[in-house]
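Have the sequence and the 3D view ready as you read.

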Amino acid sequence: LDPGAGKYGLLPMAAVASIDSASAWLSKRLAALETFKSEEDGLEGTTCSSRKTSQFDETEREEDDEVLEVRPEDFEIKEEDLVEFSTDGILTDINLAGTTPDEELGNAGFQALSLSLANKVGNLRRLSLRRCGLSGSAGFREVGRLLTRCCSLEVLDVSNNDAGEGLRGEFCEALDDARSLRVLEMRGCGLRDRGLDPLCAVLERVDEALRPVVAVQKLSLSTNHITPEGARRLGSMLSTNLKLEDLDISDNDLQEAGGESIAEGLVGNKGRLQKLNISHNRLRVGGARAVLDRFLETDSMIQMHIKRLPGTKHGFVLDGMTVTGLEFMGWVEKHNEKHPSEAVFAGDRIVDVNGKTEDGDMIYELTVGEDLDIKLARDGVCMKNLDICYNLLGTKGSEELMKLIGSRRKGSMLGNQARLPGGRIVLLNAY
């Protein structure tokens, strides 16, 4: 933003720890808010205001010997005290990340900043609120309110803020409407198992046409004190989520049972997830093996049962035995509505009908049979990258899993990295 293009309101310095610390704190906030990228000229720049960041002149600085120990989040900030934007450029990036406690906005500070940005974030693409001092429902409610106005937002980072169970309500409602959001970073937010539930409820939703409601493709949930109970919830979400491609759940406490729950979710996921980091979770050999077994499967299988009424069609549109479409409101569409984790899509291939595997026999069963057990294959849809390091495998356990990789897919081991055909990679070690 051009410093001469807008008018800057200033925070009352008496409310901050000292004049100097207030100047530094506000300068950082203004510098962050002035970072933008112009889509018209393709230029990207960061401009810091040349104005003084204090209402006091140099004389007043010398005369003021008293230091008032008040952190920025401990006082109420009014909208008129904050910067007002006026620019011909397009604001696409805002970074409000704090690095020390003195730089944290807190709930009240972020609320005021959010109000000042109300009509300026229509083209915002990336928003970083990492370590801003947000906490609980109050802080994340304000993030949700800002998110509803960021209709083009693609990346949201709220890591290292204490969310707890504060995602329920306006934050998740806003996430439900965030059709452009692709990356959600929530590392170290203290979610625990109960705080995870409302987030999973949004991520697993699909509409009537089985289209995902939320378009998030990359999700980071590391260091959130997630236990086996939370892993079961994550596994359930994975089984129906249609968009997620990259999931980081490292540095939690899933344990062996949690690893098995994640593996069960991956069975229902049918290879849509491409990258999983489940390191530092005390999975031990049992939990790590369950996840690895699922990773090593290169094809996904779908099973369905149809009991149709006499005189009605099976519901597939076929080219040979490959599904090219579904009949509107047919038996297959009804199956998809009831069983989203086993939903059939174009490109799936029928491989078994009532125990018959030859094309002619399967077509006959589909034509005359009324009670149909059908298996379909989704070829070549599988995970590409798995990290299961630091899961207390021990030397014997790591050697067992390395042999499994070599025997199942003839992978080559390079240090703690196993490379498999198709550019697929597994990271594992004994620790």
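The paragraphs below visit some salt bridges one at a time.

Please keep in mind that this is a predicted model. Side chains of opposite charge can pair when their charged atoms come close. In this structure, 16 salt bridges are found.

Start with Asp93 and Arg126, a salt-bridged pair whose closest N and O atoms are 2.5 Å apart. Asp93 belongs to strand β3 (residues 93-95) and Arg126 to strand β4 (residues 126-128), so this contact ties together parts that lie 33 residues apart in sequence. Is Asp93 buried or exposed? Asp93 counts as buried because its relative accessibility is 14%, under the 20% cut-off.

Next, look at Glu170 and Arg145, whose side chains meet in a salt bridge at 3.0 Å, N to O. Here two helices are linked across 25 residues of chain: Glu170 sits in helix α5 (residues 170-177) and Arg145 in helix α4 (residues 136-147). Glu170 is partly exposed, with a relative accessible area of 30%, and Arg145 is partly exposed too, at 33%.

A further stop is the salt bridge between Arg194 and Glu165, with 3.6 Å between the closest N and O atoms. Arg194 is in helix α6 (residues 192-203), while Glu165 is in the loop between β5 (155-157) and α5, 29 residues away. Arg194 is exposed, with a relative accessible area of 61%, whereas Glu165 is partly exposed at 41%.

Finally, return to Arg145 and Glu170: through salt bridges that share partners, they join Glu142 in one network.

Notes. Residues numbered from 1 in each chain as written. Predicted model: local features only at pLDDT ≥ 70, side-chain atom pairs only at ≥ 80, totals over all residues. Heavy atoms only, no water. Salt bridge = Lys/Arg side-chain N within 4 Å of Asp/Glu carboxyl O. Helix = DSSP H or I, 4+ residues; strand = E, 2+ residues; numbered from the N terminus. Buried < 20%, exposed > 50% of the residue type's maximum accessible area, 1.4 Å probe, protein only.
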